[in-house]
Amino acid sequence: MKKILILNGPNLNLLGNRETDLYGKESLKDIENSCKKKCDSINLSCNFIQSNNEGELINLIQSVQSDFDGLIINPAAFTHTSIAILDALRTISKPKIEIHLSNIYTREEYRKKSITAEGVNGIICGFGSLSYTLAIEAMNKLIKK
């Protein structure tokens, strides 16, 4: 069975309570349950992890090359600031998809630039929690090619 890592960046542990007009009312646990259900339905295994620590996220990204078949990442605020995460993404050759709950291109000016996007195959944003399941479907196709 193919195995993917779904990685979530800073403050996503506050989903459901934080800016629900932008990010929705679902908690990160709700999204994790949806992701696991979607993965089960298409015969994928997933590890779903959240961290507020940039270094921990980098270590997890680096583990993808040896331990996973692909990466789905919501870098959250690190999207716009972290060259270190971009560099980590560039070190792995496995498929990588960046996702966001909100459409970053309709947000504040400083959120319209994704530094980390340069290190992934593609981006899915603006569909709320559906961004995750859309990314799982895309990842399934990428790793089974």
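**Note on helix packing, an aromatic pair and selected residues**

1. A search of the whole structure, which is a predicted model, finds one aromatic pair. A pair of aromatic rings is described by the distance of the centres and the angle of the planes. Here the partners are Phe48 and Tyr132: the ring centres are 6.2 Å apart and the planes stand at 35°, so the pair is tilted. An angle under 30 degrees would have counted as stacked, and one over 60 as edge-to-face.

2. Where do the two partners of this pair lie? Phe48 belongs to strand β2 (residues 44-50) and Tyr132 to helix α5, so the pair ties together parts that are 84 residues apart in sequence. Phe48 is buried, because its relative accessibility is 12% and the cut-off for buried is under 20%. Tyr132 is buried as well, at 1% relative accessibility.

3. Tyr132 also takes part in the packing of two helices, being one of the α5 residues that meet α2. Helix α2 (residues 28-41) and helix α5 (residues 130-143) have axes 9 Å apart and pack at an angle of about 25°. Angles under 35 degrees count as roughly parallel, and α2 and α5 are therefore roughly parallel to each other. Their crossing is right-handed.

4. Which residues form the contact of α2 with α5? From α2 come Leu28, Ile31, Ser34, Cys35, Lys38 and Cys39, and from α5 come Tyr132, Thr133, Ile136 and Glu137. By class, the residues of this contact divide into six nonpolar, two polar and two charged.

5. The axes of helix α3 (residues 54-67) and α4 come within 9 Å and cross at roughly 10°. This pair, too, is therefore described as roughly parallel. On the α3 side the contact involves Glu54, Leu57, Ile58 and Ile61, while α4 contributes Ala84, Ile85, Ala88 and Leu89. The contact of α3 with α4 has seven nonpolar residues, no polar ones and one charged residue.

6. Two residues deserve a check of their backbone angles. Most residues other than glycine have a negative phi. Asn43, although not a glycine, has a positive phi of about 60°. Asn43 sits in the loop between α2 and β2, and its relative accessibility of 45% makes it partly exposed. Ala76 likewise has a positive phi, near 55°. Ala76 is in the loop between β3 (70-74) and α4 (83-90). Is Ala76 buried or exposed? With a relative accessible area of 13%, Ala76 is buried.

7. Ile143 lies in helix α5 and counts as buried at 12% relative accessibility. Leaving aside residues up to four places away in sequence, Ile143 touches Lys2, Ile4, Leu44, Asp69, Gly70 and Pro95. Ser114 is 29 residues from Ile143 in sequence, and their C-alpha atoms are 24 Å apart in space.

8. Leu14 is found in the loop between β1 (2-8) and α1 (20-23). Its relative accessible area is 38%, so Leu14 is partly exposed. How far apart are the C-alpha atoms of Leu14 and Glu26? They are separated by 9.9 Å, the two residues being 12 residues apart along the chain.

Technical notes
Residues are numbered from 1 along each chain as its sequence is written. This is a predicted model: local features need pLDDT of at least 70, side-chain atom pairs count only at pLDDT 80 or more; totals for chains, interfaces and linings use all residues. Side-chain values use heavy atoms; hydrogens and water are left out. Helices (H or I, at least four residues) and strands (E, at least two) are DSSP runs, numbered from the N terminus. Buried means under 20% relative accessible area, exposed over 50%, partly exposed in between (1.4 Å probe, protein chains only). Axes are lines fitted to C-alpha atoms, for helices over the stretch in contact, and angles run from 0 to 180 degrees between N-to-C directions. Angles under 35 degrees count as roughly parallel, over 145 as roughly antiparallel, 65 to 115 as roughly perpendicular and the rest as oblique. A crossing is left-handed if the near helix is turned anticlockwise from the far one by less than a right angle, and right-handed if clockwise. Contact means heavy atoms within 4.5 Å. Ala, Val, Leu, Ile, Met, Phe, Trp, Tyr, Cys and Pro count as nonpolar, Asp, Glu, Lys and Arg as charged, and the others, Gly among them, as polar. Rings of Phe, Tyr and Trp (its six-membered ring) pair if their centres lie within 6.5 Å; planes under 30 degrees apart count as stacked, over 60 as edge-to-face and the rest as tilted.
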